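Work through the two exercises below, each with its solution set out step by step.

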Amino acid sequence: MLEFVVPALNLKAILPQLILALTALTVLLVDVFAGKDGKTSLGGLSLIGVVAALVTLFLSRGDFESAYAGMLAVDGFGFFITLIICLVALLSILVAISYEKVCPEIRSGEFYSLLLFAAFGMSFMGSASNLIMIFVALETMSISIYVLAGFKRDNLKSIESALKYFLLGAFASGFLLFGFALIYGAAGTLDIVKLGSFFTAHPDLLHQPLVMGGVALMTVGFGFKIAMFPFHMWTPDVYEGAPSVVTGFMATGVKAAAFAALVRVFFVAFAALQTDWTTIMWIAALLTMTVGNLIAISQTNIKRMLAYSSIAHAGYLLIGFVVGSEIARSAILFYLLGYAFANIGAFAVISAMGSKGEEYNELSDFQGVGFKYPMLGLTMSIFLFSMAGIPPAAGFMGKFFIFSEAIKAGYVWLAIFGVINSVISLYYYLGVIVRMYFKDPEREISIAAPAGTLVAALSLAAFGVLQMGIFPSYVWDLARASAKMLM
Amino acid sequence: MIDNQSVYLAISIILFVIGAAGAICRRNAIVVFMCIEIMLAGVSIAFVTFSRANQSLDGIFMVLFVMAVAAAEAAVGLAIFVLMYRKHGSIDLDKFNLMKW
């Protein structure tokens, strides 16, 4: 008879995530008992939860290495991803509170608790150390976001975006799972660390069809989530239809979480196969950024434009992934955080561009905004400069770290293509700024003055972007220390 | 004589391919979703086969999680379909062209 050992319950190791989940449940409960007036407090309540999670994240840093019998790696890498996710959730909630005026549906417990559950799943994706954990965390995140994307129940575009995201997301997770199954068949374990040591110990097994097929299918599955070419088709439709605040949340959070899982699986489990997947990823990086940037130029809707730009950013991140050194992994982390600040900020501005029931998402609606609404114009310019990679913004430092590391590692051509792509992207990013400041409005738009929470979100995001651009050393050191501790 | 494991693996691959092909070709959202469930059934058979071959329980646990998650996904998916049908009067994927596909 097997002896049953009760596993250690390291609740303290997952305290930040635990707080996120408990806040989500509390918000649901309060929603039931609160009257119509009480619903305005739901956003504030979730905000408190996220701040508490951030504080405990820093307090409990470095206490553990792994928890729950190797299911979770509570390492530096997971810490940094959780940090990004918490900041993304914090900014999204701040924006959502002011977005309630444009889209009254989101003033409900479901919205905030789904957002928190999604953040909970994302942060576990960053620290999952077992393929089962990755799958469950991925689905926790995805299912919450399918609902969030369709949250404007009366808007056909929003429902359509939820439907497309749901079908393609479920389809992609099928591929991911079959990849997991094949790898499990080859190695007999689902633990990422054990997979790594198994493949290092058995180099003769590396090129059998099971392993190659598994890696290929997993690349497809993750490729969908990070919007890698040629699995990017869903991105513009989903980003355009979803409520602006949700678009900002998923453009940054989902990307960070999926990239984290991709990095962990490929660098820990398939480290022995690195020479094989580097070639494929090289081509994927080049095509992803080029396709994203070229199609973004011809867009007339700003949300669609930023969707294609987010595809291009996945391409830049993939350069860091191809280079694969420890510094390149720190550069990926740094870039993800800088991108998160800039992108959430940009979508915060977009979500402010609306009055009840109507949103102004066309590029021509931005004409003249710069002088009429100076706060929106100024912050939007900062975020767009950052995404284009112009100093002194976070995007410039991120690109600098990634490209310089690519050159050092001998991927000169990839770095050159990256720089060419950044120049192409300047065209459409600056196009928005030119419209905001140098063109007269085509139609009269009336939007409410930014609410206090929106101002807070915009200032926080702008502060993050500029801080990381002008004094990058603090975040860079943090990213360096975090990437070192990838188990 | 073919060993049992290959037979089961072949079945799982066939199911997966049928599901994937159906998900790409069919235009009715519910049929597409059923095809995705067929893919997941293929995945589950592969996991159980390998679990037996490797003499480890991980694969079977994975199948339990796959089933639980598939149920959650079905709940959310069908809700989205109902919402779509009410608003749009159809769940034919070819008819959704408010945005460029």
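**Exercise 1: the contact between the chains**

Solution. The model is predicted: local features need pLDDT of at least 70, side-chain atom pairs count only at pLDDT 80 or more, and totals for chains, interfaces and linings use all residues. Residues are numbered from 1 along each chain as its sequence is written, chains are lettered from A and ligands numbered from 1 in the order in which they are written, and side-chain values use heavy atoms, with hydrogens and water left out.

Step 1: chain A brings 42 residues to the contact and chain B brings 45 (heavy atoms within 4.5 Å).

Step 2: the count of salt bridges between the two chains is 1 (a side-chain nitrogen of Lys or Arg within 4 Å of a carboxyl oxygen of Asp or Glu). Asp154(A) pairs with Lys87(B), with 3.7 Å between the closest N and O atoms.

Step 3: on the side of chain A that touches chain B, H6(A) gives the most, with 23 residues (helices are DSSP runs of H or I, at least four residues, numbered from the N terminus).

**Exercise 2: the largest cavity**

Task: state the volume of the largest cavity and name some of its lining.

Solution. Step 1: the volume is about 80 Å³, being the space filled by probe spheres set on the grid points, which are joined across faces, edges and corners. On a 1 Å grid over the protein atoms alone, a cavity is a set of points where a 1.4 Å probe fits but cannot get out, and lining residues have an atom within 4 Å of a point.

Step 1: the lining includes Asp365(A), Lys372(A), Tyr373(A) and Arg443(A).

Notes. On a 1 Å grid over the protein atoms alone, a cavity is a set of points where a 1.4 Å probe fits but cannot get out, and a pocket is an open set with protein on both sides within 12 Å along at least five of seven lines; lining residues have an atom within 4 Å of a point. Helices (H or I, at least four residues) and strands (E, at least two) are DSSP runs, numbered from the N terminus.
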